[in-house]
Amino acid sequence: MPINSNPTIRQRRLARRLRELRSLAGLTHADIAKVLGSAESKVGRIENAQSGIRLPDLRAWLDATDVTDPAERAEIEELSREAKKKGWWSRYTNAVDSAYAAYVAVEWDAAELYNVETNLVPGLLQTPDYTRALIRLQAPDATDEHVETQIKVRAERRQILTREHPLQLWVVIGEGVLRHRVGSPEVMRAQLESLVEDSRKQNIELQVLPQDDPMNACLFGPFVIMSFPASTETSIIYTESPTSTVYYEEAADVETYTTLFRRLNMAAANVSKSRALILDAIQGMD
């Protein structure tokens, strides 16, 4: 197989899973190479997501690492297929940034998502008018076509909340998000009213961190924790800045962010009190 010099996050998830299985089984690259009838370098490329893995080799790898549970084997095979597959977002390849497309692909695979936002309404909960106003602020030179494409992508992303097995979404936002006006008062009011409605959905837990809570000192920036259906698969952390995006996949990094989210979750107002804070913000616009 050709060497992949720019693996997607999906491909890296599969590579990490196979590496973990080999390590847990106490096997070396040489051991797996013998099973596959290949060079050790091939095993290294697979584990570094520089090369894909054919189904017969994948099944041989699972046999060698004592993965006998049919459900687990099926899940790993599905992950392998998905790593090669293009999703709905591929329709927008020429219209959205490649880093954004990569994020959407991983987000779509997630079963649970934990999102902390410090200044803006989370993308999955934005109304089209809020998104439009936000893009106009962030990219004033954007064409109308570009803006409308971004809105379409955001709307398709939101389907993850209503699909057959909907995403379980936990969100913590700083209270300032409710006060930072994006767009006209009418746009902001509609966005806050939409948050109230979303907060009533069973698969969405929306909490607001009050402005006077000391935990605001820990809001270093927005971040997302994405967890996947297989309990044995490590979660992924996503953070961003105006110029770059970063994924953290090592267990220690995941634990650091998970601990921070738990602290914010405990400090933030509960769902009903958070809803009341949003309603207060709406009334404050009068």
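**Talking through the model**

Colleague: Where does D66 lie?

Modeller: D66 lies in the loop between α4 (55-64) and α5 (70-84); helices (H or I, at least four residues) and strands (E, at least two) are DSSP runs, numbered from the N terminus. Please keep in mind that this is a predicted model, in which local features need pLDDT of at least 70 and side-chain atom pairs count only at pLDDT 80 or more, while totals for chains, interfaces and linings use all residues. Residues are numbered from 1 along each chain as its sequence is written, and side-chain values use heavy atoms, with hydrogens and water left out.

Colleague: And what is its phi, given that D66 is not a glycine?

Modeller: D66 has a positive phi of about 60°, and it takes this value just after α4. Most residues other than glycine have a negative phi.

Colleague: Is D66 buried or exposed?

Modeller: D66 counts as exposed because its relative accessibility is 60%; buried means under 20% relative accessible area, exposed over 50%, and partly exposed in between, using a 1.4 Å probe and protein chains only.

Colleague: Which residues of α4 are buried, then?

Modeller: The buried residues of α4 are D57, L58, A60, W61 and L62, and their cover includes α1 (9-24), α2 (29-36), α3 (40-47) and α5.

Colleague: Now the strands: which way do β1 and β2 run?

Modeller: β1 and β2 run parallel and are joined by six bridges, two strands being paired if DSSP finds at least two bridges between them. Six bridges also join β2 to strand β3 (residues 204-209), again in parallel. L169 of β2 stands opposite L113 on one side and opposite I204 in β3 on the other pairing.

Colleague: How many residues of strand β2 are buried?

Modeller: Five of the seven residues of β2 (residues 168-174) are buried, and the strand is mostly covered.

Colleague: Which residues touch the most other members of the largest nonpolar core?

Modeller: Those are L169, L178, M226 and I278, in a core of 39 residues; a nonpolar core is a set of buried Ala, Val, Leu, Ile, Met, Phe, Trp, Tyr and Cys residues joined through side-chain atoms within 4.5 Å. Helix α10 (residues 185-198) gives the largest share of this core, five residues. Leaving aside neighbours within four places in sequence, L178 has contacts that include M188, L192, L195, V208 and I278.

Colleague: What about β5, and which strand is joined to it by four bridges along residues 223-227?

Modeller: That strand is β4, which runs antiparallel to β5, and within this pairing F223 has T239 as its bridge partner. β5 also pairs with β6 in the antiparallel sense over four bridges, with Y238 opposite Y247 in β6. Four of the five residues of β5 are buried, so the strand is largely enclosed by the rest of the structure.

Colleague: How many aromatic pairs does a search of the whole structure find?

Modeller: The search finds six; rings of Phe, Tyr and Trp (its six-membered ring) pair if their centres lie within 6.5 Å, and planes under 30 degrees apart count as stacked, over 60 as edge-to-face and the rest as tilted. Y114 and F261 have ring centres 5.3 Å apart and planes at 75°, so this pair is edge-to-face. The pair links distant parts of the chain, with Y114 in strand β1 (residues 112-117) and F261 in helix α11 (residues 251-267), 147 residues apart. Both Y114 and F261 are buried. Elsewhere, ring pairs link Y103, Y238 and Y247 into a cluster.

Colleague: Last one: which ring does the charged end of R13 sit over?

Modeller: It sits over the ring of F228, 3.8 Å from its centre; the criterion is NZ of Lys or CZ of Arg within 6 Å of the ring centre and within 35 degrees of the ring normal. R163 likewise lies over the face of W108, at 5.1 Å from the ring centre.

Technical notes
Contact = heavy atoms within 4.5 Å.
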